[in-house]
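User: Hey, I've got a structure here that I've never looked at before. Can you walk me through it?

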Amino acid sequence: SAARDRKLKSVRKALREITEAARHAPNNPQLLLLMANFIGFSFASCDWVAKWAGTAYDLCQQSTRLIAREPTEQDVLNGLDQKFLLRNRVSQHVPPTAASSSSSSSKDASKAHDTLSTCTHPLAQCQAEACYVLAKMYHCQRDYDTAIRWYYKSVVLAPYFVLALFGLSQMYIHRREMQHAKICLERVLEIDAEQHLEHDCHVLVHYAYVCRELSYADKAKEHLEKACKRNPSMVSVWIDLAEISESSDASYSIQKYMQAKSLLESSGKRVPFELFNNMIVLLYRLKEYRKAKQLCEELVAIMNSQKKDSMFSEHSR
């Protein structure tokens with residue numbers, strides 16, 4: 001309760017400071033983004049987020065004119081290919097002189113790149129962040145069709161913006177466009193490697209899931225192992241790693257299931273019946289009958305205990 005009061009006091013103090021700053025600079029898009037992110041999401045007010053982030057985007061667009069046309073549904077469906085992402089490694093946008101002197105590169109321009117005008121502007125990153133904040137808002141509202149458009153625009157504006165790339169990958173996963181999701185997630189991993197950053201566990205897990213859906217089992221396993229090293233307390237990752245290894249390495253799979261079981265037990269959570277079942281089946285496959293019998297007896301004891309607790313609860317009513 002004391003920690004919550006301190007947090008609320010800090011939020012109110014920050015709110016006063018931001019509000020005072022906004023009074024002196026009402027058309028500062030970066031300040032508007034700060035308000036949308038800090039105040040809007042802190043108070044779960046989508047109206048505030050939409051108003052402030054939307055205004056920030058409009059102010060940036062009026063100044064930059066970077067979005068020459070709004071991306072269509074077909075643009076979103078086409079995804080962002082590797083050529084687009086690699087073309088924008090050094091500079092986010094092509095200056096007019098470079099564009100006019102390089103006709104060959106303009107012929108190779110992707111549809112995503114065609115949504116941009118051929119100018120550079122210091123507010124490009126701010127405009128991309130405004131797109132991301134709006135995308136995140138629609139994402140939280142489960143309006144995925146609108147969210148994907150804003151994520152897409154954010155990436156078009158700033159191809160190095162990993163949060164927007166990750167958000168866009170989530171939208172493509174929701175649409176079952178796994179190849180597009182894979183390209184976005186691979187770009188995030190590449191950017192992390194270029195900047196010598198450790199890979200985020202959630203990015204690794206999503207990438208493993210996409211690889212698994214695309215039948216790249218070895219690559220999925222490799223990234224799940226990395227995710228386990230990054231965050232060894234994530235039970236779901238150990239289970240995913242066990243599941244993907246069942247057909248190729250039963251012993252390895254059992255070890256990972258046992259790790260998940262141990263984590264669940266140490267945190268006081270119930271071990272699912274399915275987890276026991278998977279381990280027992282694998283032990284039978286390896287002819288480890290004694291260990292399989294022990295797990296069966298443990299499972300029966302747990303089920304009997306749960307049955308007694310249920311009967312006692314009904315009787316006490």
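Predicted model: local features only at pLDDT ≥ 70, side-chain atom pairs only at ≥ 80, totals over all residues.

User: What about contacts between residues at least 6 apart in sequence, what share join residues at least 24 apart?

Analyst: That share is 60% in the protein chain.

User: Let's switch to α10. Is it mostly covered or mostly open?

Analyst: Mostly covered, with 11 of the 14 residues in α10 buried. Among them are Tyr144, Trp150, Tyr151 and Tyr152, and Lys153 is on the buried list too.

User: Why does an end-to-end distance of 20 Å make sense for α10?

Analyst: Helix α10 covers residues 144–157, and at 1.5 Å a residue its 14 residues should span 20 Å, so the 20 Å between its end C-alpha atoms agrees.

User: Does that work out for α11 as well, or what span should it have?

Analyst: With 13 residues (162–174) at 1.5 Å each, α11 should span 18 Å, and its end C-alpha atoms are 18 Å apart, so that agrees.

User: Which residues of α11 are buried?

Analyst: They include Leu165, Phe166, Gly167, Met171 and Tyr172.

User: And what follows α11?

Analyst: Arg176 comes after α11, and its phi is positive, near 65°.

Terms used: Residues numbered from 1 in each chain as written. Heavy atoms only, no water. Helix = DSSP H or I, 4+ residues; strand = E, 2+ residues; numbered from the N terminus. Expected span 1.5 Å × (residues − 1). Buried < 20%, exposed > 50% of the residue type's maximum accessible area, 1.4 Å probe, protein only. Contact = heavy atoms within 4.5 Å.
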